[in-house]
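Here is a short briefing on one protein model. Keep the sequence and the 3D view open as you read.

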Amino acid sequence: MSDPTRYPTAHQGRTLQQLPTRPQQSSGGWIVAAVLVIVGGILGAIGVGAIGFFRMSDSVDRYQRVTVPGSGDLNLAPGDYTVYFEYPGAATIEPPEAVRARLTDPTGQVVPTEAFSGEQSYQLSGHEGTAEFTFHADRDGVYTLETDGGPGITLAVGQDLGSALAGPILLAVAIAVTAIVLGIAILIVTLIRRSRSQRPPASGFRPAMPPSI
């Protein structure tokens, strides 16, 4: 008598197969990129600030100067100007003696002046000065500056250093802040993805289909 046909039982025809898992991607490259962005931004900001400093030093060198007492001609274009008193210790002490100045435009008219608002001084390229008054030149041409007072003081005329330095400083700050924010954003996103990839995988087993009869 032949054996009856045997069919696999439920547990015999069912094997466990593990589902494939996604390979983990390395996050080291993104972390390095974030650090490079931050460092590059800081170095770029330092570079912009250094360029601004050298430009400011060059501006001081190009100021037109008149020695006290005496008079001199100034070649000016229309615009606003600041007059600095240069003497040893100008950044910390008052002028050793009073100085009187009179400025006339190319037509001989007296140019009104105003006391400088605030405090501003420099110590660059061998010059030490402090801002004393300002004026506006209405026209292009040769202006005459006449001075009277004690010796040892020089009047330097040029653009306001504060406005000349503001642009590079703001640009340097903008570059540094943008780079730091961008670098931190890359780090945060990278760490979040890395944390998710390190979570234990969900159960990835499925029963195999029973063989066909």
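Start at Ser-57. Setting aside neighbours within four places in sequence, Ser-57 is in contact with Leu-124 and Ser-125. Keep in mind that this is a predicted model. The points below begin with this residue and its helix, then turn to salt bridges and a pocket.

**Ser-57 and its helix**

- Ser-57 sits in helix H1, which covers residues 28–61.
- Is Ser-57 buried or exposed? Ser-57 is buried, because its relative accessible area is 13% and the cut-off for buried is under 20%.
- H1 has 34 residues. From first C-alpha to last, H1 reaches 49 Å, close to the 50 Å expected at 1.5 Å a residue.

- Gly-126 lies in the loop between strand S7 (121–124) and strand S8 (127–137).
- Gly-126 counts as exposed, with 81% relative accessibility. The cut-off for exposed is over 50%.
- How far apart are the C-alpha atoms of Gly-126 and Ser-57? They are separated by 9.8 Å, although the two residues are 69 residues apart along the chain.

**Salt bridges**

- How many salt bridges does a search of the whole structure find? The search finds four. Three of them are described here, among them the pair Glu-86 and Arg-65.
- The side chains of Glu-86 and Arg-65 meet at 2.9 Å, N to O. Glu-86 lies in strand S4 (residues 79–86) and Arg-65 in strand S2 (residues 64–68), so this pair ties together parts that are 21 residues apart in sequence.
- Glu-86 is buried at 8% relative accessible area, whereas Arg-65 is partly exposed at 27%.
- Asp-148 forms a salt bridge with Arg-100, and their closest N and O atoms are 2.8 Å apart. Asp-148 is in strand S9 (residues 141–149) and Arg-100 is in strand S5 (residues 99–104), so the pair links parts that are 48 residues apart in sequence.
- Asp-148 counts as partly exposed, at 37% relative accessibility.
- Arg-102 pairs with Glu-146 in another salt bridge, with the closest N and O atoms 3.0 Å apart. Why does this pair tie together parts that are 44 residues apart in sequence? Because Arg-102 lies in strand S5 and Glu-146 in strand S9.
- Arg-102 is partly exposed, with a relative accessible area of 41%. Glu-146 is partly exposed too, at 34%.

**The second largest pocket**

- The second largest pocket has a volume of about 270 Å³.
- Which of its 15 lining residues are closest to its centre? They are Ala-90, Glu-94, Glu-119, Thr-130 and Glu-132.
- Strand S8 gives the most to this lining, with three residues.
- By class, the lining of this pocket has seven nonpolar, five polar and three charged residues.

Technical notes: Residues numbered from 1 in each chain as written. Predicted model: local features only at pLDDT ≥ 70, side-chain atom pairs only at ≥ 80, totals over all residues. Heavy atoms only, no water. Helix = DSSP H or I, 4+ residues; strand = E, 2+ residues; numbered from the N terminus. Buried < 20%, exposed > 50% of the residue type's maximum accessible area, 1.4 Å probe, protein only. Contact = heavy atoms within 4.5 Å. Expected span 1.5 Å × (residues − 1). 1 Å grid on protein atoms, 1.4 Å probe; cavity = no way out; pocket = protein on both sides within 12 Å on 5 of 7 lines; lining within 4 Å. Points joined across faces, edges and corners; volume = space filled by probe spheres on them. Nonpolar A, V, L, I, M, F, W, Y, C, P; charged D, E, K, R; others polar.
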